[in-house]
Amino acid sequence: EYVQQHILSPSGMTFTKFSSHNYPSANHAKAYLISKNKFSEQSIKGLSVLNANNDEIMWSNIVDLRKYLNAIQYCLFLDCELMIATRSPAVPLNWSQPFSPPHGSVWKLKTNNDPNKDSYFFYDSQIGSYHAYMACVPSKNIQIIYLSNRSSEPAKHAMKALVQLGYLDL
């Protein structure tokens, strides 16, 4: 209820919800594994790391994840100072390396010290055979959201292609 009221609703995320393992119906994505050149549907119940409180899972889609990225950019559910902090290097007090860590408190960062070059934040994850990649380049209003049952590599190639085509200067 808290997540629904304070994050999903302000972000306009109407599809995303917590639901039981039995939720995915015929029109929702399912995970598949390939073995011996054959695909087989992966049991959601086998992915215990997806479990949330009360045996529930959070389900979303690309449209809602784009709304989430926009909500982050426009500080719709947390104040801007806190949102910026999640995208800034999280440097522990005892950090002794010459460079900042490559991650914030939530997001991984590709920062550039040259103000004429682009920086971006991203998140990638894999749970079972589900893969997700979300990246945002705020200075260019570019977002990449990729969900797959196989790999998130195509999304990483898309970032490289944006550089090669001249849309990004990293």
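1. Lys117 is partly exposed, with a relative accessible area of 33%. In this predicted model, the side chain of Lys117 forms a salt bridge with that of Asp169, at 3.9 Å from N to O. The two residues belong to distant parts of the chain, 52 residues apart: Lys117 is in the loop between strand 5 (108-110) and strand 6 (120-127), and Asp169 is in the segment after helix 4 (153-164). Asp169 is partly exposed too, with a relative accessible area of 35%.

2. Which residue meets Asp118 in a salt bridge? The partner is Lys140, with 2.9 Å between N and O. Asp118 lies in the loop between strand 5 and strand 6, while Lys140 lies in the loop between strand 7 (130-137) and strand 8 (142-148), so this pair ties together parts that are 22 residues apart in sequence. Is Asp118 buried or exposed? Asp118 counts as buried because its relative accessibility is 6%, and the cut-off for buried is under 20%. Lys140, at 37%, is partly exposed.

3. A salt bridge also joins Lys67 to Asp64, and here the closest N and O atoms are 3.8 Å apart. Both residues are in helix 2 (residues 62-73); they are 3 residues apart, so about one helical turn separates them. Asp64 is buried, with a relative accessible area of 2%. Lys67 has a relative accessibility of 28% and counts as partly exposed.

4. How many salt bridges does the structure hold? The number is 6. As background, side chains of opposite charge can pair when their charged atoms come close.

5. In general, strands of a sheet pair through backbone hydrogen bonds, either parallel or antiparallel.

6. Strand 5 pairs with strand 6 in the antiparallel sense, over 3 bridges. Leu109 has Phe121, in strand 6, as its bridge partner.

7. Pro138 is in the loop between strand 7 and strand 8. With a relative accessibility of 33%, Pro138 counts as partly exposed. Which residues does Pro138 touch, not counting residues up to four places away in sequence? They are Gln73, Ser119 and Phe121. Pro138 and Asn70 are 68 residues apart along the chain, and their C-alpha atoms are separated by 9.9 Å.

8. The search of the whole structure for disulfides finds 1. This disulfide joins Cys75 to Cys80, with 2.1 Å from S to S. Why is the disulfide right-handed? The torsion about the S-S bond of Cys75 and Cys80 is about 120°, and therefore the disulfide is right-handed. Cys75 is buried, with a relative accessible area of 18%, whereas Cys80 is partly exposed at 37%. Another cysteine to look at is Cys136, which counts as buried at 0% relative accessibility.

9. Some values describe the chain as a whole. The chain has 4 helices and 8 strands. From the N terminus on, these elements run α-β-β-β-β-α-α-β-β-β-β-α. The chain has 170 residues, of which 32% count as buried. Among contacts between residues at least 6 apart in sequence, 44% join residues at least 24 apart. The accessible surface comes to about 11000 Å², and 53% of this surface belongs to carbon and sulfur atoms.

Key. Residues are numbered from 1 along each chain as its sequence is written. This is a predicted model: local features need pLDDT of at least 70, side-chain atom pairs count only at pLDDT 80 or more; totals for chains, interfaces and linings use all residues. Side-chain values use heavy atoms; hydrogens and water are left out. A salt bridge is a side-chain nitrogen of Lys or Arg within 4 Å of a carboxyl oxygen of Asp or Glu. Buried means under 20% relative accessible area, exposed over 50%, partly exposed in between (1.4 Å probe, protein chains only). Two strands pair if DSSP finds at least two bridges between them. A disulfide is a pair of cysteine sulfur atoms within 2.5 Å. Contact means heavy atoms within 4.5 Å. Accessible areas come from the Shrake-Rupley method with a 1.4 Å probe; for residues, only the protein chains shown count as cover.
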